[in-house]
Amino acid sequence: MYKRQVLSKVAGMKPRDLAGLLAARLETLDVVKTVEIAGPGFINLRLDENFWFEQVSIILNAGKSYGDSDMGQGEKVNVEFVSANPTGPLTVGHARGAVIGDALASLLTKVGYDVCREYYINDAGNQVNVLANSAYLRYCEALGEDIGEIPEGLYPGEYLKAVGQALADRDGKKWLGKPEADWLSDVRQFAIDQMMNLIRDDLAAFGVVMDLYSSERALVAAGGVDEVMSVLEAKDLVYTGVLEPPKGKKLEDWEERPQTLFKSKEFGDDVDRPIKKSDGSWTYFAGDMAYHLDKYRRGYNNMINVWGADHGGYIKRMQAAVSAVTDKEGSLDVKICQLVNLMRDGELVKMSKRSGNFITLRSVIDEVGKDVVRFIMLTRKNDASLDFDLVKVLEQSKDNPVFYVQYAHARNCSVLKHAKDEFPSLDLSIETLKGLDLSALNSEGELSLIKALCAWPRLLESAGEAHEPHRIAFYLYDLASELHSLYHKGKLNTRLRFIVRDDQELTQVRMALVKATKIVIASGLEMFGIEPAEEMR
RNA sequence: GCACCCGUAGCUCAAUUGGAUAGAGCACUUGACUACGAAUCAAGAGGUUUCAGGUUCGAGUCCUGACGGGUGCACCA
């Protein structure tokens with residue numbers, strides 16, 4: 001039963017009258033079995049069962065491409081995500097953004113967009129100088145110097161030892177005892193490259209492959225910021241002014257000072273935003289404007305950024321900047337990822353970045369596997385916080401959605417295998433199954449499962465339009481539930497089992513449904529970058 | 001003080017973008033294993049969608065105002 005409400009003030013008719021008119025037309029269609037008008041003008045259609053049987057053949061025929069859509073019409077979309085500072089390995093904090101961005105990119109590809117996965121390397125700010133200094137210390141250490149405690153303000157992480165060693169291997173004692181000005185640039189680039197290799201490896205282990213890594217430093221060096229400044233100046237959107245101090249928040253070192261400002265208020269922001277620091281250098285925001293202009297000029301009118309919750313206050317100014325530099329042609333959607341609370345059996349795992357005591361993404365992947373991490377990260381809306389319990393995610397029970405969905409897929413595989421054992425001569429090839437008369441799939445549970453399968457293409461489109469990949473996770477859970485439910489109908493009534501011992505023909509028809517279900521679950525999981533389980537252990 | 005996000009069953013969360021009687025899981029009660037994997041399934045109970053107004057045929061969803069929670073708030077990125 002499909003429901004569709006038709007609103008029409010345009011027609012100048014009462015909804016019920018209009019519904020009557022439409023109903024009369026709809027009734028003439030072959031696939032429509034019954035039409036009812038309900039309530040204030042709802043039209044309820046009941047489709048002929050043959051329509052549903054045909055859908056199973058359609059799914060089998062389409063295979064993994066079932067649900068592909070041309071909604072995006074090949075339009076280019078840029079999804080920028082992770083973009084972690086190149087100062088250390090990825091942490092669990094980065095995992096959520098990584099999965100949301102990656103799954104969203106896959107989803108948009110599925111519904112017909114031309115998607116670019118992009119990582120913005122923040123390699124121009126002060127923190128990479130801190131990185132360089134930290135790495136330099138480790139370099140000295142590698143050459144036998146006693147460096148003592150890592151000073152406050154530098155990165156204490158052990159992972160930098162390897163960088164120091166690698167630098168020593170490459171350059172020998174070249175930089176030892178030299179002033180910072182001599183080595184900063186070289187050491188910095190070396191350390192950034194090392195860190196990016198580390199991050200790339202972490203992402204690869206997590207199943208994320210970027211199409212493009214963009215360097216802030218390279219962009220600035222190529223004149224990107226000068227370019228965006230001249231664009232803004234041409235539009236008269238830059239001026240020198242004095243900002244008021246924020247109220248209610250005490251800033252001890254506040255001083256009134258003229259600054260170079262961007263008129264972001266004209267584009268919906270709360271205040272105008274500085275684009276130069278007091279020392280005359282560009283702010284991060286200036287670089288970011290240049291970067292978004294660059295993306296736009298590469299053809300990405302549609303930009304999606306995946307950010308952590310702590311950057312929420314940055315959205316308005318970035319959207320204002322995009323509007324300004326693209327003459328409102330470009331659009332920017334920012335997906336904010338709320339915090340992930342890492343737990344172990346109900347207890348919060350404490351982390352502190354200061355002491356270098358953070359949990360790396362790699363260690364979590366090693367402990368529970370990437371598939372589990374990826375799925376759980378998508379079981380909440382991106383803007384809701386999420387508990388990730390290292391113990392519970394491995395439980396094999398229906399409390400654990402990863403298991404529940406994987407189990408449904410494994411169960412399909414198992415049933416198919418058993419069918420083959422039962423009827424060695426049974427032909428289960430797609431070519432044969434899709435040509436069968438499937439009208440025996442007419443029990444309530446079977447029709448219910450078929451309808452759930454048929455919701456897949458539409459679900460993809462609406463999830464893609466809303467930029468909400470988590471909906472796929474909920475759908476897969478529901479679909480798994482349909483399958484488990486149908487399976488258990490066979491417990492009560494042997495005739496309803498997938499495999500009917502004395503009826504090879506019926507079994508074969510049911511295998512068509514099992515295979516169709518397997519296809520949809522598998523393609524959903526694969527969209528999440530998760531390998532469908534053939535069996536559970 | 002300002003901005004953004006959130007507030008839905010005892011708990012954790014959904015809700016097809018404004019549609020019909022607001023849905024799942026956990027926990028609770030009850031039932032189903034000699035047979036395709038019971039790691040599951042079925043049934044029951046559980047609600048003034050934080051509160052108060054407003055918009056309209058119709059609001060969990062939109063607008064206003066409270067209340068409660070989170071995040072951020074020159075010259076960091």
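Author: On a 1 Å grid over the protein atoms alone, a pocket is an open set of points where a 1.4 Å probe fits, with protein on both sides within 12 Å along at least five of seven lines, and its lining residues have an atom within 4 Å of a point. Grid points are joined across faces, edges and corners, and a volume is the space filled by probe spheres set on the points. This is a predicted model, in which local features need pLDDT of at least 70 and side-chain atom pairs count only at pLDDT 80 or more, while totals for chains, interfaces and linings use all residues. Residues are numbered from 1 along each chain as its sequence is written, and side-chain values use heavy atoms, with hydrogens and water left out.

Reader: How many residues line the second largest pocket, and which lie nearest its centre?

Author: The second largest pocket holds about 700 Å³ of space, and among its 24 lining residues L243, E244, W254, Q259 and P274 lie nearest the centre. Two or more lining residues come from each of β7, β8, β9 and α9 (284–297), where helices (H or I, at least four residues) and strands (E, at least two) are DSSP runs numbered from the N terminus.

Reader: In what order do the strands β7, β8 and β9 lie in their sheet?

Author: Strands of a sheet pair through backbone hydrogen bonds, either parallel or antiparallel. Two strands count as paired if DSSP finds at least two bridges between them. Here the open sheet runs β7-β8-β9 with antiparallel pairing, and its edge strands, β7 (238–242) and β9 (273–274), each pair on one side only. Strand β8 (residues 258–262) meets β9 over two bridges, and R273 in β9 is the bridge partner of F262.

Reader: Which residues are linked with F262 into a cluster by ring pairs?

Author: Rings of Phe, Tyr and Trp (its six-membered ring) pair if their centres lie within 6.5 Å, and planes under 30 degrees apart count as stacked, over 60 as edge-to-face and the rest as tilted. Ring pairs link F262 with F267, Y284, F285, W307 and Y314.

Reader: Why is the pair of F51 and W52 edge-to-face?

Author: The structure holds 15 aromatic pairs; in the one formed by F51 and W52 the ring centres are 5.1 Å apart and the planes stand at 80°, so the pair is edge-to-face. Buried means under 20% relative accessible area, exposed over 50%, and partly exposed in between (1.4 Å probe, protein chains only). F51, at 22%, is therefore partly exposed, whereas W52, at 4%, is buried.

Technical notes
Chains are lettered from A and ligands numbered from 1 in the order in which they are written.
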